[in-house]
Amino acid sequence: MILYDTSIPMSLEPFGILIPVRDSRATRTFAALTEHPTIGPMVRRWHHPTVSERLSRDDLMRVHSPEYVQRLFSDGLETEILATYELIAADGTYHRYAPQKAVYPLRQLFERMLVKAAGTTQCGRLALAHGFCYYFGGGMHHAHRDHGSGFCMVNDIVIAARKLQAEGAVSRVWVIDVDAHKGDGTAALTAGDASILTLSIHMADGWPLDGPACLPDGTANPVFIPSDIEIPIASGEESAYIERLEIGLQRLSQMGRADLAIVVNGADPYEADELPSTAGLSLSIDQMLARDQLIYRFLRRQDIPAAFLMAGGYGDRVWPVYARFLTWALADALKI
């Protein structure tokens with residue numbers, strides 16, 4: 001029920017990328033679970049240690065344009081990585097990027113991201129089999145049809161939903177996105193399709209909602225396409241977060257039952273998150289636990305398999321968000 005492949009690091013620093021994604025959010029969470037006096041001895045019952053799923057180009061093209069997929073598998077890959085991870089500032093200088101410190105070539109990052117993206121589909125399969133699975137990865141909700149964005153090269157959430165639908169494993173999927181940032185790519189990729197219903201509760205202001213209404217070519221900016229249920233939370237409204245999420249979940253349940261729920265379970269709304277662009281939402285550790293318990297119980301009551309994704313979470317202080325929830329959830333799932 002925990003999908004965690006220790007051979008796939010979290011940190012981007014070996015590629016020279018200085019975004020504060022730390023291995024600690026996975027390693028310390030896993031250590032907390034394995035060292036727990038009752039959950040730890042049962043590790044073989046709940047730990048799935050290998051991401052064995054793989055994605056093909058056809059899997060990507062169910063979601064992304066053929067032109068974009070071709071760029072990802074061509075000499076244009078590095079350009080796409082630089083743009084997706086925002087590594088070049090407007091003046092042409094490097095931004096949060098120190099290539100001289102890189103251990104691996106930038107191109108290898110895409111290979112790692114593809115494996116991580118495949119893990120989301122595997123998490124969905126495990127959730128369908130066991131009722132609940134938490135994947136230490138995934139949640140790349142900013143990737144759009146023809147470009148990557150916000151550290152997200154491909155949208156693993158929609159790829160997993162479309163792949164499982166194509167196989168006949170599921171018909172309708174819910175995406176419940178509680179990352180600090182709006183799930184703009186997921187909303188745009190699934191707009192108007194009742195087979196994938198989306199809920200996003202996120203910062204009302206800031207990235208990605210601080211961009212222009214129209215793109216340079218005159219088309220509407222897709223980041224503003226709403227999720228099926230859109231719940232913006234303004235800075236200072238944190239006390240209303242849990243109540244508004246609960247109302248949103250009830251609205252979602254009235255739109256038709258799902259065969260699978262994918263939960264984009266970012267820790268970046270936590271007040272100790274270190275990414276500057278998450279500062280507009282500041283939940284306490286207790287609010288974070290209440291958030292996750294609310295979603296877990298909501299899906300359990302409706303007997304809907306739940307695939308949780310680690311998603312956003314930055315710095316060395318976010319791991320307790322995951323550890324507290326998973327200690328509680330595993331105790332429930334294992335009937336301890």
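Here are some numbered notes to read alongside this predicted model.

1. Helix H6 covers residues 108-130 and helix H7 covers residues 156-166; their axes come within 8 Å and cross at roughly 50°. That angle makes H6 oblique to H7. The crossing of these two helices is right-handed. On the H6 side, the contact is made by Ala117, Thr120, Thr121, Gly124 and Arg125, and on the H7 side by Asp156, Ile157, Ala160, Lys163 and Leu164. Sorted by class, this contact has four nonpolar, three polar and three charged residues.

2. Now look at helix H1, residues 24-34, which packs with H11 at an angle of about 35°, the axes lying 9 Å apart. The crossing of H1 and H11 is right-handed. From H1 come Ser24, Arg25, Arg28, Thr29, Ala32 and Leu33, and they meet Trp319, Tyr322, Ala323, Leu326, Thr327 and Leu330 of H11. The classes here are seven nonpolar, three polar and two charged residues.

3. Next come the charged pairs. Side chains of opposite charge can pair when their charged atoms come close. How many salt bridges does the count come to? The count comes to 16. Some of them join up: Glu53, Asp59, Arg62, Arg125, Lys163 and Glu167 are linked in a network of salt bridges.

4. Which helices hold the two partners Arg324 and Asp286? The side chains of Arg324 and Asp286 meet in a salt bridge, 3.1 Å from N to O. Arg324 lies in helix H11 and Asp286 in helix H10, so the pair ties together parts that are 38 residues apart in sequence. Arg324 is partly exposed, at 33% relative accessible area.

5. Asp332 pairs with Arg300, and their closest N and O atoms are 3.4 Å apart. Here Asp332 sits in helix H11 and Arg300 in helix H10, 32 residues apart. Asp332 counts as partly exposed, with 31% relative accessibility, and Arg300 is partly exposed as well, at 35%.

6. Arg317 and Glu274 form a salt bridge through their side chains, 3.9 Å from N to O. Arg317 is in the loop between strand E8 (306-309) and helix H11 (319-333), while Glu274 is in the loop between strand E7 (260-264) and helix H10 (285-301); the two are 43 residues apart. Arg317 counts as partly exposed at 49% relative accessibility, and Glu274 is partly exposed at 34%.

7. Finally, some backbone details deserve a look. Trp207 and Pro208 are joined by a cis peptide bond, with omega about 0°. Pro208 lies in the loop between strand E5 (196-203) and strand E6 (229-233). Glu86 has a phi near 55°, a positive value in a residue other than glycine. Glu86 belongs to the loop between helix H5 (77-84) and H6.

8. Is Ala311 buried or exposed? Ala311 is not a glycine, although its phi is positive, at about 55°. This residue is found in the loop between E8 and H11. At 7% relative accessibility, Ala311 counts as buried, whereas Glu86, at 27%, counts as partly exposed.

Note on methods. Residues numbered from 1 in each chain as written. Predicted model: local features only at pLDDT ≥ 70, side-chain atom pairs only at ≥ 80, totals over all residues. Heavy atoms only, no water. Axes fitted to C-alpha atoms, helices over the stretch in contact; angles between N-to-C directions. Helix = DSSP H or I, 4+ residues; strand = E, 2+ residues; numbered from the N terminus. Parallel < 35°, antiparallel > 145°, perpendicular 65-115°, else oblique. Left-handed = near helix turned anticlockwise from the far one by under 90°. Contact = heavy atoms within 4.5 Å. Nonpolar A, V, L, I, M, F, W, Y, C, P; charged D, E, K, R; others polar. Salt bridge = Lys/Arg side-chain N within 4 Å of Asp/Glu carboxyl O. Buried < 20%, exposed > 50% of the residue type's maximum accessible area, 1.4 Å probe, protein only.
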